[in-house]
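This report is meant for a reader who is meeting the structure for the first time.

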Amino acid sequence: MKRIYTIALMLIASVLISQNVPINFEETKEGDAPPVPVGFVVSDMVGPNPVGPGQLFISCGPNDVGNNDIVYKLFYSKTDEAPDNPLTATEYEFGTTAGDGAGVAAFGFVFEGLEPATEYTFWLYQYNTDSELYSEDPAIGSATSGAEAGEPEVPEVAAPTPPVRDPEDVISIFSDAYANLEGTDFNPGWGQSTVVTFVDIEGSETMKYANFNYQGTQFAANVDASEMEYLNVDMWTADATTVNVFTISEGGTEVPYALPVTQNEWVTYQIPLSAFAPVNMSALIQFKFDGGNGSQTIYLDNLYFFREEVEEEADATLSDLMVDGTTVAGFAPNVFHYDVVLPEGTTDVPVVTATTNNPDATEEVTPATELPGTTSVVVTSANTEVEQTYTVSFTVGEDAVAPPVPVGFVVSDMVGPNPVGPGQLFLACGPNDVAENDDIVYKLFYSKTEEAPADPLTATEYIFGTFPGDGGGIAAFGFVFEGLEPATEYTFWLFQYNTDSELYSEDPAIGSATSGAEAGEPEAPEVAAPTPPVRDPEDVISIFSDAYTNLEGTNFNPDWGQSTQVSFVDIDGSETMKYANFNYQGTVLSAPINASEMEYLNVDMWTADATTVNVFTISEGGTEVPYALPVTQNQWVTYQIPLSAFAPVNMSAVIEFKFDGGNGSQTIYLDNLYFFREEVVEGSDASLSDLMVDGTTIPGFAPTKLDYTVLLPQGTTDVPEVTVTTNDPAATADITPADALPGITNIVVTSANEEEEKEYTVTFIIEVPEAAAPAPEGFGADEVVSVFSEAFASIEGTDFNPNWGQSTQVEIVEIEDNPTLKYSNFNYQGTQFASPLNISDKDYLYLDMWTANAETVNIFLISPGSEIPFALTITAGEWVNYEIPLSHFAGVDMSNVI
């Protein structure tokens, strides 16, 4: 049997997927205040960008939060009204804003709703919910909230008028002073936020970039500026702080030049073209400006190339520079140094010849004495007053070798979990040799699949540098390719290309996918949601339904930064909630509600285009758990979700709902959002009203939740005592304690009429495995490709913690002297191989996993453009061995697993 042996994995703590909260059985030291939080930041900037009006950015590291009974408490006040005791200031309710960590995790979020342009002070404490003690001192931060955005100021005078120049000394792109190039596109669609308009300022047409983040300019044909010396641009801005200008040549070579910004006045920049080396000035295709934050405005005028007029007698430039009879690559009169790589084995110094622009000027060539070496050419003007030196440096290279085929190339109609927009595709590729070798760049060609040419190099070439995130052809990339025909399959060929040897990789990496279709108006349901049954008022808590009395004061559209637009529409006589442009949406209750005696959450949903919808219940402290609604389009579906599915949400203190999973363009309709329980016949109640472990109610207890898991500190030997209280005092409870640890205590509750019986279980697990994973047996080293194992020689260079934005923390721990991977704070985690694996001759993926509290774990194999999950069946508290047939991962290229 051929196998691939991979990873012995230990999952200790889990985020979102875990529905069990550990209990700490160690005695708390009375009066032990938690420590002061560290890493607390209050700022008027989010990264490089200023916050919006009335906003501040707040962040803090994990500290002790998330351990035992510690949470965050945050208070704030206008600085000029700050109280002596911070605890009397306004308290921020964690869980209110996306990204705030809900008070039980590290956070970074934008705080909104403050008075604009006002200094605020914030006090952050750590708080022990058991001892009710705050940290002795808070962490303190203050900053001035964002000001109201005003209309950007406008220059009152036009840009300076450029001097009169001979037409042969200027190439004008945009200026009233010269004849401009024809056909220039000043607003190509590169996905920018910038809005381009042309305004009149004192009779001079001026280009305005509003909402500036970046902006391109596309020439109708290649521009040869090799005989020019400078790029001129005039700029005026009231609010921009960083502006870069790029010249871009064929092949996507681009170089930025940072314009020193002086606000509220016209500044003229005359940039030597040498500042843009190695851009090919003889084949320019585009300009680009960037550096804005999407809210600023700049004005531009007099964008042109020029050279200073030279008296013929003072001209000390060349019109040609040749090496062995061929003009040197990239020659331009104003470029004075050249590097030439000679073929391997060259011993003779090449002959350099030069031609002066003015035939009366003189040139003196001094050849290199050996290789490598430098030949110099000194040019003296006819009047002998000007002298300039050109140099050609020769090196001897090795025989040119074609670069390797790119790996990790992905073409997809999805960006993460969301589909792309109309006429779009997502492309991505890892670094390969690009950026590691200055001469290697990417070359990308594409075609409609049905029109794909036999030779990919004859297809349309994509010009790198066109879209943000495309790496400019000299770095790894991931970007949305726009402007394709919607709903059309395209094929892409990606090469690595050596700009020195001009060799392509022998073969390209190939990807294909169907571009996004045009979005139509979402359909609407023609009939109302089903009418819920009549229920006793004490058996239902209604949030939104015509059938029951709803809670008062519910906010169905809190401002959480969502794209979703909430409205209420009449469908067949029934008020229905509509979420258009759905990405996520919250609902905030006017006060916490106690739904612990309910059994189910009901929601009715209809959608024509959504594919993924999750519903969350959220309790005080920000605890939230999603439930994925199986979607059936174009019909009403009624979901009755057991409240146990939302553990460990505290059902006695529910404060909010949330729906998510949309891509920002979909629409869902909702009705009949309520909690309910089935009517209980007197004497038939077999539920508990309390379940305690060593005298403390188990976290997340609810009468309807039957199974609990409790983590015990390492070294615990005594089985904790479980006690219960029945809802009906006449019911009976039979408790069977666990025999040992780990183990399960069972509680069987029998109703008073002896017709109903419920069994509750409390599973006790020591929080780390006491034994190492079992050693693999039954196959030899030659049958295995090992990624992580003590039993075999594992492949080298594997990155077990690539930065994919995960919350997971990875470490290698020793269990019985066996190195074991531990994933804590687990949401997802990648493993990146140093080079692609060929496991096409293997049959199985082999894995050992131990977890105390994870309930859902999937493992993926990934090849370029394809990834397939396998759901691992979980048994908590013990090592489980999985031997997964590789046939399950059909669609993944087993010869190229990355």
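This is a predicted model: local features need pLDDT of at least 70, side-chain atom pairs count only at pLDDT 80 or more; totals for chains, interfaces and linings use all residues.

As a general point, strands of a sheet pair through backbone hydrogen bonds, and they do so in either a parallel or an antiparallel way.

## Strand 55 and its partners

Strand 55, which covers residues 757-766, is mostly covered, since seven of its ten residues are buried. How does strand 51 run relative to strand 55, parallel or antiparallel? Strand 51 (residues 707-712) is joined to strand 55 by six bridges, and the two run parallel; in this pairing, T709 has T763 of strand 55 as its bridge partner.

Strand 54 (residues 743-750), by contrast, pairs with strand 55 in the antiparallel sense, over eight bridges, and here V748 has E759 of strand 55 as its bridge partner. Strand 54 and strand 55 form a hairpin with six residues between the strands, in which E754 takes a positive phi near 60 degrees.

## Two buried residues

F276 is found in the loop between strand 19 (267-272) and strand 20 (284-290). With a relative accessible area of 0%, F276 is buried, and once its neighbours within four places in sequence are left aside, it is in contact with L231, V245, F246, T247, V255, Y257, I271 and M281. F276 and L342 are 66 residues apart in sequence, while their C-alpha atoms are 25 Å apart in space.

N896 lies in the segment that comes after strand 61 (880-885). N896 has a relative accessibility of 19%, and because buried means under 20%, it counts as buried. Leaving aside its neighbours within four places in sequence, N896 is in contact with P836, L837, I862, S863 and P864.

## Cavities

The lining of the largest cavity consists of L643, S644, A647, V649, M651, G700, A702, T704 and K705. Sorted by kind, the residues of this lining divide into five nonpolar, three polar and one charged.

## The chain as a whole

The chain contains 61 strands and zero helices, and its C-alpha atoms fill a box of roughly 120 × 75 × 60 Å when this is taken along the principal axes. Of its 898 residues, 49% count as buried.

Among the contacts in the chain with a separation of 6 or more, 69% are accounted for by residues 24 or more positions apart.

Conventions
Residues are numbered from 1 along each chain as its sequence is written. Side-chain values use heavy atoms; hydrogens and water are left out. Helices (H or I, at least four residues) and strands (E, at least two) are DSSP runs, numbered from the N terminus. Buried means under 20% relative accessible area, exposed over 50%, partly exposed in between (1.4 Å probe, protein chains only). Contact means heavy atoms within 4.5 Å. On a 1 Å grid over the protein atoms alone, a cavity is a set of points where a 1.4 Å probe fits but cannot get out, and a pocket is an open set with protein on both sides within 12 Å along at least five of seven lines; lining residues have an atom within 4 Å of a point. Ala, Val, Leu, Ile, Met, Phe, Trp, Tyr, Cys and Pro count as nonpolar, Asp, Glu, Lys and Arg as charged, and the others, Gly among them, as polar. Two strands pair if DSSP finds at least two bridges between them.
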